[in-house]
Amino acid sequence: MQQFRVAIAGFGGVGRATASLLLARRNRYWKAYGADVRLVAVCGSRAGLSDPDGLEEELFDWLEPGRTGPDFILNSGPNVLIEAGPSNFRTGGPGLAYIDAALRGGHDTIVISKGALVHSGPALRELAVTTKAMLRLSGAAAAALPTIDLLEQSLKGCEVRSIEGILNATTNFLLDSMTTGGIGFDTALEKAQSAGFTEADPRNDTEGWDTACKLLLISNFGLGTDLRMEDLKVEGIQSVTADRVADWQSQGLTPKLVGHIIVDGCTAQAGVEVRTFPPSDPFASVRGKDKAIRITTDAMGETIAIGSGTEPLATAAAALKDFEHILMARTS
């Protein structure tokens, strides 16, 4: 039996959900892959815990202050790092330091937060190739919605012509509320915040930056491009008024915040904007917190996936899908 030692950097809601699900699936990993999976370290920004024999869930509330940082994680001797910390695409931190250190050490790395990959994606991708470490990012690229998986597996061998994606659940929920409730942006946002659905500062979502980040990851890691944020024109939904929504409805159109990529040979153009869709278009039926992607190729035509999931479990499951890909590759 081959032993796999896993460390998790970033231990908020998503990190804890990932740890709990990993431990619950240990018997599955043993039966399917002959893998003895142990969670050897976890850490947040101020505290952490490690045990070479493996941690159990009842210890998660007993993290020790000061046990954090890339050196702490790597000293626990992991084969696989799962990075689940907060995300800042302008600096790459704090996940960039963990991911860089893990890849330099040849450790397979699963990334959930988007910031480091948006900030330094090409360099991290090259580093992984150099050290022969696997770098996977399903949790960062729209989580429960299959995106890069479709490009790498289901549509492999095709030439991608275009991609459209409803990639942010918050903005889709807000636009849906405005469309069905006849309310303006501010009222819809207040409603969502009262329900605890949005972040305290929702601007990354509402101004289109979260969608832009996911779009860059899909393009750069799924299509092999080298787009940067400054290459994208990014618009959000903050300027969408009740009057605009009413006008669209009078025309039978449904608004969605969409990230889009047009591929022309070796070049790609991408952006984020509000687009409207007639009732016959599947995107018009993507409601509430759901997300969707449409990929058009030369040989297979149009492929559409629509997905949703309860957070943080859905993101944790997406990360552990990546973990199973690693297990399959390393035990074959």
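Helices here are DSSP runs (H or I, at least four residues), numbered from the N terminus. This is a predicted model, in which local features need pLDDT of at least 70, side-chain atom pairs count only at pLDDT 80 or more, and totals for chains, interfaces and linings use all residues. Residues are numbered from 1 along each chain as its sequence is written, and side-chain values use heavy atoms, leaving out hydrogens and water.

View A. Ala17 has a relative accessible area of 16%, so it counts as buried (under 20%, with a 1.4 Å probe and protein chains only). Leaving aside neighbours within four places in sequence, Ala17 is in contact (heavy atoms within 4.5 Å) with Pro312 and Ala316. From Ala17 to Gly115, the C-alpha atoms are 20 Å apart in space, and the two residues are 98 apart in sequence.

**View B. Here is helix α12, residues 313-331.** Its 19 residues should span 27 Å at 1.5 Å a residue, where the expected span is 1.5 Å times one less than the number of residues. The end C-alpha atoms are 26 Å apart, which agrees. Buried residues of α12 include Ala316, Leu320, Phe323 and Leu327.

**View C. Helix α4 (residues 95-104) packs with helix α5 (residues 115-131).** Their axes, lines fitted to C-alpha atoms over the stretch in contact, are 9 Å apart at an angle of about 10 degrees. The two helices are therefore roughly parallel (angles under 35 degrees). Among the residues that meet are Leu96, Ile99 and Leu103 in α4, and Leu124 and Leu127 in α5. The contact residues divide into 7 nonpolar, 4 polar and 2 charged; Leu, Ile and Ala count among the nonpolar, Asp and Arg among the charged, and Gly among the polar.

Terms used
Buried < 20%, exposed > 50% of the residue type's maximum accessible area, 1.4 Å probe, protein only. Axes fitted to C-alpha atoms, helices over the stretch in contact; angles between N-to-C directions. Parallel < 35°, antiparallel > 145°, perpendicular 65-115°, else oblique.
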